[in-house]
Amino acid sequence: MKILVCISHVPDTTSKINFTEGDTKFDTNGVQFVINPNDEFGLTRAMWFKEKQGASVDVVNVGGAETEPTLRKALAIGADKAIRVNAEATDGFFVAKQLAAVVKDGGYDLVIAGRESIDYNGGMVPGMLAELTSANFINNCISLEVEGTAATAMREIDGGKETSKTALPLVIAGQKGLVEESDLRIPNMRGIMMARKKPLTVIDAIDTAQETSAVKFEKPAPKGAVKLVDAGNIDELIDLLHNEAKVI
Amino acid sequence: MSVLVYTESDQGKFKKAAFEVASYAKEVANQLGTTVTAVAINADNTAELGNYGVDKVLNVSADALKDFNAKAYAATLHQAAANEDAKVVIVSSSADSKTLAPILAVNLEAGYASNVVAAPTSTSPFTVKRTAFTNKAFNMTEINSDVKVVGVSNNAFGLVENSGAAAAEAFAPNLDDSLFGVKVDSVDKVTGKVTIADADVVVSAGRGLKGPENWGMVEELADVLGAATACSKPVSDLGWRPHGEHVGQTGKPVASNLYIAIGISGAIQHLAGINASKVKVVINTDPEAPFFKAADYGVVGDAFEVVPQLIEKLKEFKANNA
């Protein structure tokens with residue numbers, strides 16, 4: 001089985017979010033970038049398929065040269081080779097078309113992406129990629145087993161879980177649950193050394209339209225101070241929630 | 001040329017989000033000077049959509065669509081959009097709608113903006129405000145394609161009553177076998193309990209509760225408020241509560257009217273995930289907990305004393321205001 005894991009290069013979850021150039025660009029100053037957490041769950045599951053079922057695992061990212069350390073980290077965790085499509089990732093449809101070209105070219109059986117990146121939160125690339133490559137699609141995937149070309153997958157739905165039978169070629173959008181947090185791997189020194197020698201191929205983007213563009217960012221209005229209620233005076237809290245906030 | 005909206009139902013009943021997206025579609029239709037057509041799949045009472053300004057309903061009744069199937073549902077909406085010559089298609093942020101929307105966007109060669117929180121600020125260029133960086137920011141997004149797909153966040157635009165004819169018309173999509181490459185085997189769903197996505201009130205608890213055996217009072221408080229229960233990331237990582245309850249940046253987003261956080265310190269990742277909630281209440285022993293900076297109302301105190309009191313007082317309140 002040939003697996004491709006899509007990796008987004010995103011600000012660490014603890015990052016302070018600021019904008020620059022007249023609020024049109026994310027301010028990367030002082031920001032630590034990481035593998036998108038939803039993608040990391042998928043990468044970890046892919047490692048299981050590699051170790052237990054002999055799958056090959058490639059990773060791909062659509063982005064500039066600044067994303068390469070993130071791809072190297074994926075290689076250090078155990079991916080075999082990395083591909084970077086040299087283009088700025090802004091519109092999800094644009095990204096999905098770039099990835100579709102990589103999938104078709106590489107003949108991948110299983111594509112593992114994350115349910116959304118934690119920066120743009122578009123949540124669209126995996127579904128678009130599935131449609132563009134005529135693959136089956138499981139969103140919000142929390143469990144995946146593959147035997148031959150048959151797959152059993154579970155997805156989170158509103159208020160529960162749904163188990164489906166499907167087949168390769170398959171695209172899943174993973175999230176926490178696909179593996180446990182405790183299964184995530186920190187690259188060791190040997191992995192880091194090996195990653196330096198693994199191939200990282202840079203390819204040109206295909207020419208396609210940007211269907212959407214993020215033209216401006218803004219931060220939420222600053223919050224007023226919290227109103228403290230004495231622990232011995234819960235009636236006041238209920239009164240505030242009823243008469244002031246009008247939520248009960 | 002009408003605005004098309006997918007009004008999702010569950011067991012034949014429209015979800016609250018269906019009325020919210022209908023309300024949103026009506027606003028877009030007003031801006032564009034056109035009408036609203038809803039697509040309802042195996043729904044019982046399509047006349048209800050008239051209350052939110054829907055002019056016409058394409059009523060799909062198909063056994064093949066009994067279980068959700070992303071490609072078949074997207075194909076249905078694609079054919080409905082062609083039927084209506086729709087240039088704007090509106091969907092909700094439910095798990096199913098978020099699954100079908102990207103497929104639909106490909107079918108329609110459409111740009112797709114998800115997590116949209118307000119009516120378009122302009123229809124040319126078509127510009128919407130959406131959340132980004134997991135609610136730590138907003139971005140104004142232009143959709144440049146001829147056809148546009150807009151995913152509306154839950155509980156952001158709200159319900160707007162309007163009157164529309166909601167004239168129902170049977171619509172039979174052409175569903176090829178090749179669409180059904182994913183077959184639902186089983187669904188494990190709690191019935192009779194409000195989900196985090198649909199809830200007006202969410203009661204959430206963290207490590208401050210000390211152990212899973214102490215969740216009884218959280219559930220009781222949720223019962224009194226008709227709320228969904230949720231938890232912080234450490235609690236789901238420790239296995240005290242199911243993953244499905246984890247809210248925050250890598251868990252579920254919350255956009256309820258009222259969010260009550262009990263024994264949750266308020267890590268930045270947690271706050272990002274619940275920031276879209278309108279009113280936040282924190283109960284924590286530590287007055288320095290970051291959550292107090294993000295909350296509207298706070299009680300510094302021991303959850304084991306405050307929560308039982310809150311339950312009692314709320315029961316009295318409910319009895320007096322029934």
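Predicted model: local features only at pLDDT ≥ 70, side-chain atom pairs only at ≥ 80, totals over all residues.
Residues are numbered from 1 along each chain as its sequence is written, while chains are lettered from A and ligands numbered from 1 in the order in which they are written.

**View 1. Chain B as a whole.** The C-alpha trace of chain B spans about 60 × 40 × 40 Å along its principal axes. Chain B holds eight helices and 18 strands (DSSP runs numbered from the N terminus: helices are H or I, at least four residues; strands are E, at least two). Of its 322 residues, 59% count as buried (20 or more other C-beta atoms within 10 Å of a residue's own; 12 or fewer is exposed, in between is partly exposed; C-beta atoms are placed from the backbone). Among contacts in chain B with a separation of 6 or more, 65% join residues 24 or more positions apart (contact: C-beta atoms, placed from the backbone, within 7 Å).

**View 2. Helix 2 of chain A.** Seven of the 10 residues of helix 2 (residues 68-77) of chain A are buried, so this helix is largely enclosed by the rest of the structure. The buried residues include A:Thr70, A:Leu71 and A:Lys73. A:Gly78 follows helix 2 of chain A, with a positive phi near 140°.

**View 3. Helix 2 against helix 5 in chain A.** The axes of helix 2 and helix 5 (residues 189-197) of chain A come within 7 Å and cross at roughly 120°. Axes are lines fitted to C-alpha atoms, for helices over the stretch in contact, and angles run from 0 to 180 degrees between N-to-C directions. A:Arg72, A:Leu75, A:Ala76 and A:Ile77 of helix 2 meet A:Gly191, A:Ile192 and A:Ala195 of helix 5.

**View 4. Chain A meets chain B.** The contact takes 65 residues from chain A and 72 residues from chain B. Strand 11 (residues 160-167) of chain A gives the largest share of chain A's side, eight residues.

Key. Contact = placed C-beta atoms within 7 Å.
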